[in-house]
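Reader: I am new to reading protein models, and I would like to go through this one slowly. Could you take my questions one at a time?

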Amino acid sequence: MNNIFCIGMGPGGAEQVTRAAMQTAASVPFLLGDARFLALVAAGPSVAPQHLEELPRGTEATLRRVAELLEKGPVGVLVSGDTGFYSLASSLVRRFGPEKVRLVPGISSMQLLAARRGRSWVNVPTLSLHGRTLENPEELHPSTGERPSAEASPGTRTTGGALAALQSEAVVLLGGWERVPTQLRELADRLGPERKGALAWDLGLPEESITEGTLSELATMEPRGRLPLLWLDPPEVEPPRRDFLLEDGAGAGENPLPTGVLPDSWFSRDEGIPLTKAPVRAALLGLLHPLRGCRVLEIGTGTGGMTVELARAAGPEGTVLSVEPKQEALALAARNCLRAGIAVEMRARHGATTSSPKEDTVSATAPVAGSAGCATQDPFRRDTADDGECAGRTPRGRVCLLRGSAPETLAGLRCADAVFVGGHGGALPEVLAACWKLLRPGGRLAATFILVDRAMTALRTLEDLGGSPGFWQLTAGYGKPLAGSWMLSGQNPVFLVWGDKEAKQA
(Lines give C-alpha, C1' and ligand atoms only; values in the text may rest on other atoms or scores of the structure.)
Protein backbone atom coordinates (compact mmCIF):
# COMPACT_ATOMS: atom_id res chain seq x y z
CA MET A 1 0.00 0.00 0.00
CA ASN A 2 1.41 3.35 -1.02
CA ASN A 3 1.54 5.99 1.67
CA ILE A 4 1.59 9.78 1.75
CA PHE A 5 4.32 11.48 3.75
CA CYS A 6 3.55 15.05 4.87
CA ILE A 7 6.92 16.50 5.82
CA GLY A 8 7.44 19.65 7.88
CA MET A 9 10.41 21.52 6.42
CA GLY A 10 10.73 24.26 9.03
CA PRO A 11 10.52 28.01 8.38
CA GLY A 12 12.75 27.90 5.30
CA GLY A 13 16.43 27.74 6.18
CA ALA A 14 18.43 24.56 5.71
CA GLU A 15 19.61 24.62 9.33
CA GLN A 16 16.00 24.42 10.57
CA VAL A 17 15.19 21.23 8.61
CA THR A 18 15.36 18.14 10.81
CA ARG A 19 17.36 15.07 9.83
CA ALA A 20 14.18 12.96 9.87
CA ALA A 21 12.53 15.38 7.42
CA MET A 22 15.48 15.28 5.00
CA GLN A 23 15.82 11.49 5.17
CA THR A 24 12.11 10.96 4.57
CA ALA A 25 11.99 13.46 1.71
CA ALA A 26 15.03 11.88 0.03
CA SER A 27 13.52 8.39 0.13
CA VAL A 28 10.16 9.16 -1.50
CA PRO A 29 9.98 8.66 -5.30
CA PHE A 30 7.34 11.36 -5.88
CA LEU A 31 7.81 14.70 -4.13
CA LEU A 32 5.57 17.78 -4.18
CA GLY A 33 6.54 21.04 -2.55
CA ASP A 34 7.53 24.66 -2.74
CA ALA A 35 10.51 25.34 -5.02
CA ARG A 36 12.78 26.36 -2.14
CA PHE A 37 12.12 23.09 -0.29
CA LEU A 38 12.54 20.99 -3.42
CA ALA A 39 15.92 22.67 -3.94
CA LEU A 40 17.00 21.69 -0.42
CA VAL A 41 16.11 18.07 -1.08
CA ALA A 42 17.74 18.08 -4.52
CA ALA A 43 20.98 19.39 -3.02
CA GLY A 44 21.14 16.53 -0.53
CA PRO A 45 21.87 12.83 -0.99
CA SER A 46 19.02 10.98 -2.70
CA VAL A 47 18.39 7.29 -2.11
CA ALA A 48 16.76 6.85 -5.54
CA PRO A 49 15.93 8.99 -8.59
CA GLN A 50 13.03 11.24 -7.74
CA HIS A 51 10.19 13.03 -9.46
CA LEU A 52 10.23 16.59 -8.04
CA GLU A 53 7.21 18.78 -8.73
CA GLU A 54 6.00 22.12 -7.41
CA LEU A 55 2.72 22.13 -5.54
CA PRO A 56 -0.29 23.08 -7.67
CA ARG A 57 -2.09 26.25 -6.71
CA GLY A 58 -4.99 25.57 -4.36
CA THR A 59 -5.82 22.82 -1.89
CA GLU A 60 -8.17 20.88 -4.16
CA ALA A 61 -5.71 20.87 -7.05
CA THR A 62 -2.98 19.61 -4.71
CA LEU A 63 -5.16 16.81 -3.37
CA ARG A 64 -6.06 15.70 -6.88
CA ARG A 65 -2.39 15.63 -7.92
CA VAL A 66 -1.45 13.64 -4.80
CA ALA A 67 -4.15 11.09 -5.66
CA GLU A 68 -2.80 10.77 -9.22
CA LEU A 69 0.80 10.22 -8.10
CA LEU A 70 -0.28 7.86 -5.32
CA GLU A 71 -1.33 5.33 -7.96
CA LYS A 72 2.31 5.13 -9.04
CA GLY A 73 4.02 5.01 -5.67
CA PRO A 74 4.56 6.71 -2.29
CA VAL A 75 4.17 10.49 -2.36
CA GLY A 76 5.87 13.11 -0.23
CA VAL A 77 4.34 16.55 0.36
CA LEU A 78 6.69 19.23 1.68
CA VAL A 79 5.03 21.87 3.87
CA SER A 80 6.56 24.89 5.56
CA GLY A 81 7.02 24.94 9.31
CA ASP A 82 5.39 22.15 11.29
CA THR A 83 2.71 19.78 10.00
CA GLY A 84 0.46 20.82 12.90
CA PHE A 85 0.68 24.59 12.41
CA TYR A 86 -1.67 25.78 9.65
CA SER A 87 -0.40 23.29 7.12
CA LEU A 88 -1.82 21.07 4.40
CA ALA A 89 -1.64 18.06 6.75
CA SER A 90 -5.23 18.37 8.00
CA SER A 91 -6.60 18.35 4.45
CA LEU A 92 -4.49 15.34 3.52
CA VAL A 93 -5.69 13.39 6.56
CA ARG A 94 -9.32 14.26 5.91
CA ARG A 95 -9.12 13.24 2.25
CA PHE A 96 -6.99 10.08 2.46
CA GLY A 97 -7.43 8.99 6.09
CA PRO A 98 -4.99 8.93 9.03
CA GLU A 99 -3.94 5.36 8.28
CA LYS A 100 -2.53 6.43 4.90
CA VAL A 101 -0.88 9.74 5.85
CA ARG A 102 2.37 9.81 7.83
CA LEU A 103 3.29 13.12 9.45
CA VAL A 104 6.91 14.17 9.90
CA PRO A 105 6.95 17.22 12.22
CA GLY A 106 9.16 20.24 11.75
CA ILE A 107 10.02 23.50 13.48
CA SER A 108 7.18 26.01 13.14
CA SER A 109 7.68 29.71 12.54
CA MET A 110 5.90 30.33 15.85
CA GLN A 111 8.46 28.21 17.71
CA LEU A 112 11.33 30.02 16.03
CA LEU A 113 9.89 33.47 16.80
CA ALA A 114 9.31 32.44 20.42
CA ALA A 115 12.96 31.42 20.64
CA ARG A 116 14.13 34.65 19.03
CA ARG A 117 12.12 36.69 21.58
CA GLY A 118 12.94 34.48 24.56
CA ARG A 119 9.27 33.63 25.09
CA SER A 120 7.33 30.48 25.86
CA TRP A 121 4.65 29.55 23.32
CA VAL A 122 2.76 27.27 25.70
CA ASN A 123 -0.92 28.33 25.90
CA VAL A 124 -0.38 31.22 23.47
CA PRO A 125 -3.38 31.27 21.10
CA THR A 126 -2.65 31.34 17.38
CA LEU A 127 -4.78 32.27 14.40
CA SER A 128 -4.32 32.74 10.71
CA LEU A 129 -5.34 35.68 8.54
CA HIS A 130 -3.92 34.02 5.45
CA GLY A 131 -6.92 34.05 3.10
CA ARG A 132 -9.13 35.15 5.98
CA THR A 133 -10.46 38.46 7.28
CA LEU A 134 -11.40 40.38 10.41
CA GLU A 135 -13.82 42.59 8.50
CA ASN A 136 -16.98 40.63 9.41
CA PRO A 137 -16.58 39.48 13.02
CA GLU A 138 -20.15 38.18 13.21
CA GLU A 139 -19.25 35.57 10.60
CA LEU A 140 -16.13 34.33 12.37
CA HIS A 141 -15.81 30.55 12.63
CA PRO A 142 -13.00 28.28 13.84
CA SER A 143 -10.04 28.29 11.50
CA THR A 144 -9.29 24.98 9.82
CA GLY A 145 -5.53 25.36 9.66
CA GLU A 146 -5.48 24.37 5.98
CA ARG A 147 -4.25 26.26 2.96
CA PRO A 148 -6.86 28.49 1.28
CA SER A 149 -8.33 26.98 -1.85
CA ALA A 150 -7.68 28.63 -5.18
CA GLU A 151 -11.35 28.20 -5.96
CA ALA A 152 -12.42 30.33 -2.98
CA SER A 153 -12.95 34.01 -3.53
CA PRO A 154 -10.27 36.20 -1.93
CA GLY A 155 -11.26 37.51 1.48
CA THR A 156 -14.30 35.22 1.88
CA ARG A 157 -12.87 33.01 4.60
CA THR A 158 -12.83 34.13 8.20
CA THR A 159 -11.02 32.89 11.27
CA GLY A 160 -12.89 31.96 14.42
CA GLY A 161 -12.55 33.38 17.91
CA ALA A 162 -10.15 36.02 16.64
CA LEU A 163 -11.34 38.97 18.66
CA ALA A 164 -11.41 36.97 21.88
CA ALA A 165 -8.00 35.39 21.31
CA LEU A 166 -6.36 38.73 20.56
CA GLN A 167 -7.29 40.21 23.95
CA SER A 168 -4.29 38.45 25.46
CA GLU A 169 -0.86 37.43 24.18
CA ALA A 170 -1.36 35.88 20.75
CA VAL A 171 0.38 34.97 17.51
CA VAL A 172 -1.11 35.93 14.15
CA LEU A 173 -0.07 34.41 10.84
CA LEU A 174 -0.60 37.29 8.41
CA GLY A 175 -1.57 37.09 4.75
CA GLY A 176 0.43 37.82 1.61
CA TRP A 177 2.93 40.63 1.85
CA GLU A 178 0.68 43.08 -0.03
CA ARG A 179 -2.08 42.59 2.60
CA VAL A 180 0.08 43.01 5.68
CA PRO A 181 -0.17 46.84 6.12
CA THR A 182 -3.96 46.70 5.75
CA GLN A 183 -4.25 43.82 8.21
CA LEU A 184 -2.09 45.64 10.75
CA ARG A 185 -4.25 48.75 10.43
CA GLU A 186 -7.37 46.64 10.96
CA LEU A 187 -5.83 45.07 14.06
CA ALA A 188 -4.84 48.53 15.34
CA ASP A 189 -8.43 49.73 14.89
CA ARG A 190 -9.82 46.80 16.87
CA LEU A 191 -7.13 46.35 19.53
CA GLY A 192 -5.87 49.92 19.86
CA PRO A 193 -3.00 51.62 18.02
CA GLU A 194 -0.70 51.42 21.07
CA ARG A 195 -0.91 47.64 21.39
CA LYS A 196 2.65 46.34 21.17
CA GLY A 197 4.10 43.35 19.38
CA ALA A 198 6.80 42.04 17.07
CA LEU A 199 6.50 41.63 13.30
CA ALA A 200 8.76 38.98 11.75
CA TRP A 201 9.59 38.34 8.10
CA ASP A 202 11.48 35.43 6.52
CA LEU A 203 12.20 33.62 9.78
CA GLY A 204 15.07 31.18 9.43
CA LEU A 205 16.36 32.75 6.22
CA PRO A 206 19.43 35.00 5.80
CA GLU A 207 17.13 38.01 5.21
CA GLU A 208 15.21 37.37 8.44
CA SER A 209 13.97 40.53 10.20
CA ILE A 210 12.06 41.11 13.44
CA THR A 211 10.75 44.57 14.30
CA GLU A 212 9.15 45.46 17.63
CA GLY A 213 6.74 48.36 18.08
CA THR A 214 3.11 49.38 18.36
CA LEU A 215 0.55 48.25 15.81
CA SER A 216 0.32 51.78 14.42
CA GLU A 217 4.11 51.86 13.96
CA LEU A 218 4.30 48.41 12.40
CA ALA A 219 1.47 49.27 9.98
CA THR A 220 3.60 52.05 8.44
CA MET A 221 6.48 49.73 7.56
CA GLU A 222 7.07 48.63 4.00
CA PRO A 223 6.60 44.87 3.46
CA ARG A 224 10.05 43.31 3.31
CA GLY A 225 9.73 39.65 2.44
CA ARG A 226 7.43 36.68 2.81
CA LEU A 227 5.88 34.57 5.57
CA PRO A 228 4.95 37.49 7.90
CA LEU A 229 4.22 36.55 11.50
CA LEU A 230 2.95 38.89 14.25
CA TRP A 231 3.50 38.20 17.95
CA LEU A 232 1.11 40.36 19.98
CA ASP A 233 2.26 41.23 23.48
CA PRO A 234 -0.32 41.22 26.30
CA PRO A 235 -2.20 44.53 26.63
CA GLU A 236 -0.65 46.99 29.05
CA VAL A 237 -3.31 47.84 31.62
CA GLU A 238 -2.61 50.36 34.36
CA PRO A 239 -4.78 50.15 37.49
CA PRO A 240 -7.30 53.02 37.80
CA ARG A 241 -7.53 55.19 40.86
CA ARG A 242 -11.23 54.95 41.62
CA ASP A 243 -12.45 51.40 41.27
CA PHE A 244 -14.21 49.38 43.95
CA LEU A 245 -12.43 46.29 42.65
CA LEU A 246 -9.20 47.65 44.11
CA GLU A 247 -8.23 47.41 47.73
CA ASP A 248 -8.59 50.65 49.68
CA GLY A 249 -5.88 53.04 48.55
CA ALA A 250 -4.65 50.79 45.73
CA GLY A 251 -3.82 52.50 42.49
CA ALA A 252 -4.05 55.97 43.96
CA GLY A 253 -3.01 58.73 41.62
CA GLU A 254 -3.15 56.56 38.44
CA ASN A 255 -5.79 56.94 35.70
CA PRO A 256 -8.71 58.04 37.92
CA LEU A 257 -12.17 56.84 36.90
CA PRO A 258 -15.07 59.30 37.11
CA THR A 259 -17.09 59.36 40.31
CA GLY A 260 -20.29 57.29 40.31
CA VAL A 261 -21.51 55.37 37.27
CA LEU A 262 -19.31 55.89 34.25
CA PRO A 263 -20.62 58.32 31.62
CA ASP A 264 -21.61 56.87 28.25
CA SER A 265 -18.73 58.72 26.61
CA TRP A 266 -16.18 56.83 28.74
CA PHE A 267 -16.80 53.52 26.99
CA SER A 268 -15.17 52.40 23.77
CA ARG A 269 -17.97 51.84 21.26
CA ASP A 270 -18.49 49.83 18.09
CA GLU A 271 -21.34 50.38 15.69
CA GLY A 272 -24.27 48.06 16.24
CA ILE A 273 -23.30 46.97 19.77
CA PRO A 274 -25.70 48.37 22.41
CA LEU A 275 -24.72 50.21 25.56
CA THR A 276 -26.96 50.50 28.62
CA LYS A 277 -27.14 54.25 29.22
CA ALA A 278 -25.78 55.80 32.42
CA PRO A 279 -29.17 56.69 34.05
CA VAL A 280 -30.41 53.14 33.47
CA ARG A 281 -27.20 51.67 34.85
CA ALA A 282 -27.54 53.82 37.93
CA ALA A 283 -31.15 52.68 38.47
CA LEU A 284 -30.24 49.03 37.97
CA LEU A 285 -27.40 49.22 40.48
CA GLY A 286 -29.89 50.63 42.97
CA LEU A 287 -32.36 47.84 42.27
CA LEU A 288 -29.71 45.13 42.70
CA HIS A 289 -27.98 46.74 45.71
CA PRO A 290 -26.12 45.45 47.68
CA LEU A 291 -23.79 43.53 45.40
CA ARG A 292 -20.57 43.55 47.40
CA GLY A 293 -19.13 40.03 47.43
CA CYS A 294 -21.93 38.65 45.24
CA ARG A 295 -21.91 36.27 42.32
CA VAL A 296 -23.74 38.07 39.52
CA LEU A 297 -25.08 36.61 36.27
CA GLU A 298 -25.59 38.91 33.27
CA ILE A 299 -27.39 37.92 30.06
CA GLY A 300 -26.42 40.08 27.10
CA THR A 301 -23.01 41.71 27.51
CA GLY A 302 -23.19 44.26 24.70
CA THR A 303 -20.57 46.99 25.10
CA GLY A 304 -19.97 45.92 28.69
CA GLY A 305 -21.50 48.95 30.37
CA MET A 306 -23.39 46.97 32.99
CA THR A 307 -20.62 44.36 33.15
CA VAL A 308 -18.16 47.01 34.31
CA GLU A 309 -20.62 48.55 36.79
CA LEU A 310 -21.64 45.16 38.24
CA ALA A 311 -18.00 44.15 38.68
CA ARG A 312 -17.14 47.43 40.41
CA ALA A 313 -20.12 47.04 42.74
CA ALA A 314 -19.40 43.37 43.47
CA GLY A 315 -15.87 44.25 44.56
CA PRO A 316 -12.82 42.00 44.86
CA GLU A 317 -14.81 39.34 46.71
CA GLY A 318 -17.43 39.09 43.97
CA THR A 319 -17.65 37.56 40.50
CA VAL A 320 -19.55 38.51 37.36
CA LEU A 321 -20.40 36.02 34.60
CA SER A 322 -21.68 37.68 31.43
CA VAL A 323 -23.17 35.59 28.61
CA GLU A 324 -23.13 36.94 25.05
CA PRO A 325 -23.44 35.17 21.66
CA LYS A 326 -21.56 37.74 19.56
CA GLN A 327 -17.79 37.53 19.55
CA GLU A 328 -17.22 41.17 18.61
CA ALA A 329 -19.33 42.30 21.59
CA LEU A 330 -17.28 40.15 23.95
CA ALA A 331 -14.05 41.61 22.58
CA LEU A 332 -15.35 45.16 23.02
CA ALA A 333 -16.57 44.43 26.56
CA ALA A 334 -13.19 42.92 27.41
CA ARG A 335 -11.44 46.12 26.32
CA ASN A 336 -13.76 48.22 28.48
CA CYS A 337 -13.27 45.94 31.50
CA LEU A 338 -9.50 46.01 31.13
CA ARG A 339 -9.56 49.78 30.79
CA ALA A 340 -11.43 49.93 34.11
CA GLY A 341 -8.78 47.76 35.75
CA ILE A 342 -11.02 44.69 35.93
CA ALA A 343 -9.47 41.26 35.41
CA VAL A 344 -11.17 39.37 32.59
CA GLU A 345 -11.32 35.77 31.48
CA MET A 346 -12.96 34.84 28.18
CA ARG A 347 -14.48 31.45 27.47
CA ALA A 348 -16.56 29.75 24.80
CA ARG A 349 -19.09 27.17 25.89
CA HIS A 350 -20.64 24.71 23.43
CA GLY A 351 -22.95 21.93 24.57
CA ALA A 352 -23.52 22.92 28.16
CA THR A 353 -24.15 19.43 29.51
CA THR A 354 -22.00 17.30 27.20
CA SER A 355 -18.60 18.95 27.17
CA SER A 356 -15.92 17.96 29.60
CA PRO A 357 -15.57 19.98 32.84
CA LYS A 358 -12.24 21.42 31.61
CA GLU A 359 -14.00 22.91 28.61
CA ASP A 360 -16.98 24.25 30.52
CA THR A 361 -15.56 25.44 33.81
CA VAL A 362 -14.45 28.98 34.38
CA SER A 363 -11.76 29.76 36.92
CA ALA A 364 -12.89 33.26 37.93
CA THR A 365 -14.25 32.09 41.24
CA ALA A 366 -14.76 33.92 44.53
CA PRO A 367 -16.54 32.98 47.77
CA VAL A 368 -19.99 34.49 48.19
CA ALA A 369 -21.02 35.26 51.70
CA GLY A 370 -24.48 34.11 52.68
CA SER A 371 -25.14 31.95 49.60
CA ALA A 372 -26.06 28.59 51.05
CA GLY A 373 -25.08 25.69 48.85
CA CYS A 374 -23.15 27.90 46.45
CA ALA A 375 -20.11 29.11 48.34
CA THR A 376 -16.49 28.62 47.26
CA GLN A 377 -17.14 26.20 44.40
CA ASP A 378 -16.53 27.03 40.77
CA PRO A 379 -19.18 29.73 40.35
CA PHE A 380 -20.26 28.78 36.86
CA ARG A 381 -20.42 25.00 36.82
CA ARG A 382 -22.77 22.84 38.84
CA ASP A 383 -20.74 20.28 40.78
CA THR A 384 -22.00 17.09 42.34
CA ALA A 385 -19.72 17.45 45.37
CA ASP A 386 -21.50 18.45 48.59
CA ASP A 387 -18.49 19.11 50.78
CA GLY A 388 -18.27 22.81 49.90
CA GLU A 389 -14.67 22.56 48.78
CA CYS A 390 -13.56 24.67 45.86
CA ALA A 391 -13.77 22.91 42.48
CA GLY A 392 -11.79 23.98 39.44
CA ARG A 393 -8.61 25.97 39.10
CA THR A 394 -7.09 29.00 40.74
CA PRO A 395 -9.10 32.22 40.23
CA ARG A 396 -7.79 34.42 37.43
CA GLY A 397 -10.42 37.12 37.00
CA ARG A 398 -13.43 38.80 38.56
CA VAL A 399 -15.29 38.97 35.25
CA CYS A 400 -15.84 36.00 32.98
CA LEU A 401 -17.13 36.72 29.48
CA LEU A 402 -18.78 33.55 28.24
CA ARG A 403 -19.66 33.13 24.59
CA GLY A 404 -22.99 31.38 24.15
CA SER A 405 -26.73 31.85 23.78
CA ALA A 406 -29.27 31.79 26.57
CA PRO A 407 -31.03 29.71 27.71
CA GLU A 408 -28.93 26.84 26.27
CA THR A 409 -25.63 28.07 27.71
CA LEU A 410 -27.11 28.38 31.21
CA ALA A 411 -27.72 24.66 31.67
CA GLY A 412 -25.54 23.25 34.43
CA LEU A 413 -24.30 26.59 35.78
CA ARG A 414 -24.23 27.24 39.50
CA CYS A 415 -26.47 29.63 41.36
CA ALA A 416 -26.15 33.42 41.36
CA ASP A 417 -26.95 36.01 44.02
CA ALA A 418 -28.28 38.51 41.47
CA VAL A 419 -29.22 38.37 37.79
CA PHE A 420 -29.46 41.11 35.16
CA VAL A 421 -31.09 40.32 31.81
CA GLY A 422 -30.21 42.89 29.17
CA GLY A 423 -30.86 40.70 26.12
CA HIS A 424 -32.88 37.60 25.48
CA GLY A 425 -32.59 36.83 21.75
CA GLY A 426 -36.34 36.38 21.27
CA ALA A 427 -36.71 33.64 23.89
CA LEU A 428 -37.70 35.87 26.81
CA PRO A 429 -39.86 33.47 28.89
CA GLU A 430 -37.33 30.65 28.48
CA VAL A 431 -34.40 32.90 29.39
CA LEU A 432 -36.17 34.25 32.46
CA ALA A 433 -37.12 30.75 33.61
CA ALA A 434 -33.55 29.50 33.22
CA CYS A 435 -32.17 32.52 35.11
CA TRP A 436 -34.80 32.14 37.83
CA LYS A 437 -33.71 28.56 38.34
CA LEU A 438 -30.13 29.78 38.90
CA LEU A 439 -31.12 32.65 41.22
CA ARG A 440 -30.54 31.80 44.84
CA PRO A 441 -33.40 32.18 47.33
CA GLY A 442 -33.46 35.76 48.56
CA GLY A 443 -31.94 37.07 45.34
CA ARG A 444 -33.31 39.51 42.76
CA LEU A 445 -33.55 39.33 38.97
CA ALA A 446 -33.76 42.62 37.04
CA ALA A 447 -34.30 43.17 33.31
CA THR A 448 -34.60 46.11 30.94
CA PHE A 449 -36.81 46.59 27.88
CA ILE A 450 -37.59 49.30 25.35
CA LEU A 451 -40.87 47.66 24.26
CA VAL A 452 -43.77 47.68 26.69
CA ASP A 453 -45.17 44.31 25.55
CA ARG A 454 -41.85 42.65 26.36
CA ALA A 455 -41.90 44.26 29.79
CA MET A 456 -45.43 42.93 30.38
CA THR A 457 -44.33 39.46 29.26
CA ALA A 458 -41.48 39.60 31.77
CA LEU A 459 -43.85 40.66 34.56
CA ARG A 460 -46.27 37.81 33.84
CA THR A 461 -43.42 35.30 33.57
CA LEU A 462 -41.93 36.34 36.91
CA GLU A 463 -45.36 36.09 38.52
CA ASP A 464 -45.85 32.59 37.08
CA LEU A 465 -42.44 31.62 38.44
CA GLY A 466 -43.57 32.59 41.93
CA GLY A 467 -41.60 35.81 42.22
CA SER A 468 -42.60 39.12 43.73
CA PRO A 469 -42.29 41.44 40.70
CA GLY A 470 -41.95 45.19 40.31
CA PHE A 471 -42.02 47.58 37.37
CA TRP A 472 -40.63 51.05 36.60
CA GLN A 473 -40.67 53.27 33.57
CA LEU A 474 -37.54 55.39 33.40
CA THR A 475 -37.53 58.42 31.09
CA ALA A 476 -34.22 60.15 31.57
CA GLY A 477 -33.05 63.49 30.25
CA TYR A 478 -29.44 64.54 29.75
CA GLY A 479 -28.62 68.06 30.88
CA LYS A 480 -26.71 70.13 28.32
CA PRO A 481 -25.47 73.72 28.67
CA LEU A 482 -27.12 76.17 26.30
CA ALA A 483 -26.83 79.99 26.11
CA GLY A 484 -25.67 80.40 29.70
CA SER A 485 -28.31 78.00 31.01
CA TRP A 486 -29.19 74.32 30.70
CA MET A 487 -31.57 72.30 28.59
CA LEU A 488 -32.71 68.69 28.75
CA SER A 489 -32.10 66.26 25.93
CA GLY A 490 -34.78 63.61 26.28
CA GLN A 491 -34.14 59.87 25.92
CA ASN A 492 -36.53 57.13 24.95
CA PRO A 493 -38.29 55.49 27.90
CA VAL A 494 -36.84 52.27 29.29
CA PHE A 495 -38.86 49.77 31.27
CA LEU A 496 -37.23 48.15 34.30
CA VAL A 497 -38.78 44.92 35.55
CA TRP A 498 -37.60 42.92 38.53
CA GLY A 499 -38.60 39.95 40.59
CA ASP A 500 -37.59 38.84 44.08
CA LYS A 501 -37.20 35.16 44.89
CA GLU A 502 -38.40 34.47 48.38
CA ALA A 503 -35.93 32.87 50.72
CA LYS A 504 -38.13 29.79 51.11
CA GLN A 505 -38.26 29.15 47.33
CA ALA A 506 -36.16 26.31 46.02
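Author: Gladly, and a word on the basis comes before the questions. This is a predicted model, in which local features need pLDDT of at least 70 and side-chain atom pairs count only at pLDDT 80 or more, while totals for chains, interfaces and linings use all residues. Residues are numbered from 1 along each chain as its sequence is written, and side-chain values use heavy atoms, with hydrogens and water left out.

Reader: Which strands does strand 10 pair with?

Author: Two strands pair if DSSP finds at least two bridges between them, and strands here are DSSP runs of E with at least two residues, numbered from the N terminus. Six bridges join strand 10 to strand 11 (residues 209–214), and these two run antiparallel. Four bridges, again in an antiparallel arrangement, join strand 10 to strand 12 (residues 229–232). The partners are therefore, by the rule of at least two bridges, strand 11 and strand 12.

Reader: Which residues stand opposite Leu199?

Author: In strand 11, the residue opposite Leu199 is Thr211. In strand 12, the residue opposite Leu199 is Leu230.

Reader: Why is strand 10 described as largely enclosed by the rest of the structure?

Author: A residue is buried when its relative accessible area is under 20%, exposed when over 50%, and partly exposed in between, using a 1.4 Å probe and protein chains only. Strand 10 covers residues 196–201, and it is largely enclosed because, of its six residues, the number buried is five.

Reader: Is Thr301 buried or exposed?

Author: Thr301 lies in the loop between strand 13 (295–299) and helix 10 (305–314). With contact meaning heavy atoms within 4.5 Å, and leaving aside residues up to four places away in sequence, Thr301 touches several residues, among them Thr307, Val323 and Leu401. Its relative accessibility is 5%, so Thr301 counts as buried.

Reader: Which residues of helix 10 are met by residues of helix 9?

Author: On the side of helix 9, the residues involved are Arg281, Leu284, Leu285 and Leu288. In helix 10 they meet Gly305, Met306, Glu309, Leu310 and Ala313.
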